[in-house]
Amino acid sequence: MAPVKVWIPHPHGRDLMGPVPASVTLEIAESPDALPSSPDDLVFWVPPFLALSDSVRLAAQMPALRVVQLLSAGADAWSGHLSPEVTLHDARGVHDSSTAEWVLTAILSYLRDFPGFARAQARHEWSYAAYAPTDELAGKHVLIVGAGSIGTAIKARLEPFEVTVTSVARTARDGVHPVSALPSLLPAADVVVVIVPLTAETRGLVSAPFLAAMKDGALLVNAARGPVADTAALVDAVSTGRIGAALDVTEPEPLPAGHPLWDLPNVLITPHVAGSVRGLHPRAYRLVGDQLRRFVAGDPLANEVVGGY
């Protein structure tokens, strides 16, 4: 059996992957500037989570490379930038629970005004009169833009909260509307969750017309990628106070200290942490181990990214 050299970014990944075939040489490559050996004979690469452009450029120096297995659900930094001999695979399924939890937390925190209560706590202020009664999730209409595995997990977690959920994807199917239906769906939604991959088609999807179509008082939740939203249009829309936003991703990212989004009371921002939970590595490396065993056995790999999806 031909030898297979594999790089993973975490030493503890060895124990989380399960049994490794005898033909595999497993090495730890924590970053592009800390390589364990020559990249010339690397066959199977697991780059660091949320790898930056220097990791993508390094792939061009790997003539034997055949598989890039990401730890992230998003593949936008990699899609279209690898040679035809290399297949790209995302971590579909790994981030479903964590990202769905973040979305639900963000919606509830915003509607129940937890950011306001936190600011009042910092001032040692009993703030009942200032914030009560708050809004609530029960009875709301939630529109989920993106009906992949994470969007499906979000829907499953929302449904027990006595809400109406409508799902949208690039193509219609049973129970899912096409993206072309957004202009008619947005005005009815109290909460709009965006959880699409970043592709040429979705870049700038949350545009000025998209935001203008949202109903007064609605909440935009972006757990996708920052460039899915037009930042200037978003700033204009939320600055009026007509709609609110809960953002785990921004454009640019990190968001500069002086950016106007920081100071708006109707904007909740977290620093791209939806998938960064303690359960990430056990789930991710189970997938890596499964994929590696499939590769060595000559079986098809899961989660191949084609056309950005």
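Colleague: At about what angle to strand 3 does helix 10 run?

Modeller: This is a predicted model. Helix 10, residues 280-297, lies across strand 1, strand 2, strand 3 (42-45), strand 4 (67-69) and strand 5. Relative to strand 3, helix 10 runs at about 145°.

Colleague: Which strands are the edge strands of the open sheet?

Modeller: The open sheet is formed by 5 strands with parallel pairing, in the order 2-1-3-4-5. From one strand to the next, the twist averages 25°. An edge strand pairs on one side only, and the two are strand 2 (24-28) and strand 5 (87-89).

Colleague: Which residue of strand 2 is the bridge partner of Ile8?

Modeller: Strand 1 (residues 4-8) and strand 2 run parallel and are joined by 5 bridges. The partner of Ile8 in strand 2 is Ile28.

Colleague: Why do the buried residues of helix 4 lie on the same side?

Modeller: In helix 4 (residues 114-122), the buried residues are Pro115, Gly116 and Ala120. They lie on the same side of helix 4 because the arc they cover around the axis is only 140°.

Colleague: Which elements are included in what covers the buried residues of helix 4, and which exposed residues does the face turned away carry?

Modeller: The cover includes helix 3 (96-111), helix 5 (128-131) and strand 12 (267-269). On the face turned away from the buried side, the exposed residues are Phe114, Gln121 and Ala122.

Colleague: Which residue just after helix 4 takes a positive phi?

Modeller: The phi there is about 60°. The residue that takes this positive value just after helix 4 is His124.

Technical notes:
Residues numbered from 1 in each chain as written. Predicted model: local features only at pLDDT ≥ 70, side-chain atom pairs only at ≥ 80, totals over all residues. Heavy atoms only, no water. Buried < 20%, exposed > 50% of the residue type's maximum accessible area, 1.4 Å probe, protein only. Helix = DSSP H or I, 4+ residues; strand = E, 2+ residues; numbered from the N terminus. Arc of directions from axis to C-beta. Contact = heavy atoms within 4.5 Å. Pairing = 2+ DSSP bridges. Axes fitted to C-alpha atoms, helices over the stretch in contact; angles between N-to-C directions.
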